[in-house]
Amino acid sequence: MSLWRCPYSAAYSVASRRVRALHLPRRLSMEELVEHAEREMGKRIDFEVVALRRGLSAQLIQRREVATIQTHTELSEPSRMACILHELAHILLQDPECDHMPYLDMLKGRVAYQRADLDDPHERIVELVADDLALRTGVIGSGPVGTGIFK
Amino acid sequence: MTLHFLGSIPVSVVLILMTIRLVLLQTVSASIGWLMACCVSVVCGLGINEPLIAEKLHALTGVPNIADVMGRCLMVCGLLALAQSVEAAADRGRLYHPIRFIAGGAVLLTLIVLFSFIDAPVTSRTFMQTYGDQLPAALYNSIEMAYIATVIAVAAWAIRLELATRRGPSPMYWAFIVGAFGLIILAGIATAMNFAHVAGAMAVNGTLAPFYVGTFLLSMILLSVGSAWPAITTGLSEVREWHEASRQISDLEPVLRDLEQTAGRSGLYFEIPYLRGHWRRRRHRLVLEVEDRAREAGLPVPIGARASAPEGSTKGEQ
């Protein structure tokens with residue numbers, strides 16, 4: 001099998017541009033990325049593992065004081081990280097629905113973003129942004145390369 | 001064969017190995033890219049003074065000893081590329097720092113201006129020995145060496161800090177630090193020889209010359225080994241990892257096609273035209289989508305799709 005395929009897709013280029021515009025460090029830890037997102041929203045982010053419906057892998061719930069990223073119980077750890085990065089990408093890209101809509105349900109909060117099917121073109125870009133963030137945070141393993149100085 | 005050509009041999013070996021790495025992996029980071037640019041400039045800068053090339057350049061341009069000034073300018077460019085490489089290696093480095101380019105440009109300009117003041121009518125393979133009794137020649141060589149010493153000292157200090165604060169970098173980087181120290185000493189020796197020559201104290205030059213040769217050759221070997229060895233060894237591991245990823249991708253692509261049909265949904269994987277250098281990203285997406293489609297179809301995740309655990313972790317994850 002050849003690992004060659006033809007040049008970049010438009011979505012890939014758009015995602016790369018969006019990531020560059022975030023001015024993030026080339027390498028940062030997951031904790032640092034979460035702190036970036038918390039600053040962006042102005043509130044703490046909590047994480048929960050819950051039994052979501054089958055087609056849904058993750059969602060971000062907005063409450064007045066805290067945001068919660070819920071991930072599906074059946075996800076493997078790399079998948080869970082990728083889904084969390086997808087939700088963080090929404091926040092970092094300053095997508096609408098971030099925190100200015102009314103809270104209809106004070107107890108449950110409001111579902112702002114969901115990672116389910118990726119039919120929506122914007123969701124696809126968010127997913128590719130999440131892939132880039134996965135590289136920067138080491139979720140996509142950089143192997144021994146990351147241990148070098150000239151890397 | 002000139003001394004400088006001898007010194008370029010270890011750098012040439014590094015460049016060849018880096019090129020093989022690039023051909024195999026089809027990917028190059030900013031840091032390795034700048035390191036390769038540094039090697040190209042240094043090899044050309046050190047090799048351009050070979051009599052055959054120097055005479056040819058003289059004949060082509062009509063300027064005697066143009067090879068000498070070109071060689072020094074290439075060395076300055078090479079060191080600028082090395083500074084860029086060290087900056088690119090830092091997680092928060094600024095690659096386009098204006099002061100770095102302004103300083104490099106100012107040194108290049110100064111070298112060219114000083115060269116024009118040197119009375120050197122005949123092309124010589126030993127330029128500084130032949131014309132080094134003139135003050136502009138002493139300044140010309142000393143400024144070049146001062147720039148080299150400054151850049152290499154900053155690079156060595158940055159690497160020293162990395163070694164002190166991070167676990168993981170190869171101890172071979174110490175060879176780079178020792179080599180850099182050697183180059184700083186070399187700059188001191190060269191400057192002393194330049195001004196001794198102007199003052200007519202040739203006995204000083206006679207004493208320092210063997211130290212110059214030994215320090216130069218040893219520094220070039222240590223700098224080459226120290227900067228390239230870790231990159232080459234990690235490159236070999238990367239090639240092995242790439243082969244493994246290639247096999248995993250071959251195995252999982254048909255699995256994903258089947259799962260997409262079963263789940264009645266498709267993801268991004270087959271729409272993205274990945275380049276060969278994007279194999280990590282490609283494997284990540286493939287594994288992720290196999291897992292997504294399997295879960296949606298209510299099927300177990302195929303064994304081959306289980307990726308290794310990530311290095312990062314999330315704060316407060318329950």
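What follows is a chat about a predicted model with chains A and B.

Me: What scores does the model carry for ipTM and pTM?

Reply: This is a predicted model, and it scores ipTM 0.79 and pTM 0.71.

Me: And what pLDDT does chain B average?

Reply: The average for chain B is a pLDDT of 86, and 93% of its residues score at least 70. Over residues 308–318 of chain B, however, the pLDDT is below 50, although this stretch has 29 contacts in the model beyond near neighbours in sequence. Where pLDDT is low, the predicted coordinates should not be read in detail.

Me: OK, on to the fold. How many helices and strands does chain B have?

Reply: Chain B has 10 helices and 0 strands, so its pattern, read along the sequence, is α-α-α-α-α-α-α-α-α-α.

Me: How is chain B divided into domains?

Reply: Domain 1 of chain B covers 3–227, and domain 2 covers 240–305. The centres of these two domains of chain B, taken over C-alpha atoms, are separated by 48 Å.

Me: Which residues have the most contacts inside the largest nonpolar core?

Reply: The largest nonpolar core has 67 residues, and those with the most contacts inside it are B:C39, B:L79, B:I148, B:I152 and B:A155. Helix α4 of chain B, residues 66–89, gives the most to this core, with 16 residues. In soluble globular proteins, nonpolar side chains tend to be buried together.

Me: Take B:I152, then. What does it touch?

Reply: Leaving aside residues up to four places away in sequence, B:I152 touches B:L79, B:A180, B:L183 and B:I184. There is also a second, separate core of 45 residues, which includes A:A134 from chain A along with B:L252, B:L286 and B:A294 from chain B.

Me: Switching to chain A: what pattern does it follow along the sequence?

Reply: Chain A follows the pattern α-α-β-β-β-α-β-α, with 4 helices and 4 strands. Of its 151 residues, 41% count as buried, and for chain B, buried residues make up 42% of the 318 residues.

Me: How does β3(A) pair with β1(A)?

Reply: Strand β1 of chain A, residues 44–50, is joined to β3(A) by 7 bridges, and the two run parallel. In this pairing A:V50 stands opposite A:H72 in β3(A).

Me: And how does β2(A) pair with β3(A)?

Reply: Strand β2 of chain A, residues 58–62, is joined to β3(A) by 5 bridges, and these two run antiparallel. A hairpin joins β2(A) to β3(A) through 3 residues. Within β3(A), the bridge partner of A:L60 is A:I69, while A:I61 stands opposite A:T68.

Me: Why is β2(A) described as largely enclosed?

Reply: 5 of the 5 residues of β2(A) are buried, so the strand is largely enclosed by the rest of the structure. In a regular strand the side chains alternate between the two faces of the sheet. Both faces of β2(A) are covered, with A:A58, A:L60 and A:Q62 buried on one side and A:Q59 and A:I61 buried on the other.

Me: Last topic, backbone angles. What is the phi of A:H23, and where is that residue?

Reply: A:H23 has a positive phi of about 55 degrees although it is not a glycine, and its place is in the loop between α1 (10–21) and α2 (30–41) of chain A. Phi of B:N65 is near 65 degrees, again a positive value in a residue other than glycine, and B:N65 is found in the loop between α3 (51–61) and α4 of chain B.

Me: Buried or exposed, A:H23 and B:N65?

Reply: A:H23 counts as exposed because it has 6 C-beta neighbours inside 10 Å, whereas B:N65 counts as buried because it has 23 C-beta neighbours inside 10 Å. The cut-offs behind this are 12 or fewer for exposed and 20 or more for buried.

Terms used:
Residues are numbered from 1 along each chain as its sequence is written. Chains are lettered from A and ligands numbered from 1 in the order in which they are written. This is a predicted model: local features need pLDDT of at least 70, side-chain atom pairs count only at pLDDT 80 or more; totals for chains, interfaces and linings use all residues. Domain bounds come from an automatic or database domain assignment. A nonpolar core is a set of buried Ala, Val, Leu, Ile, Met, Phe, Trp, Tyr and Cys residues joined through C-beta atoms within 7 Å. Two residues are in contact if their C-beta atoms, placed from the backbone, lie within 7 Å. Two strands pair if DSSP finds at least two bridges between them. pLDDT is the predictor's confidence in each residue, from 0 to 100.
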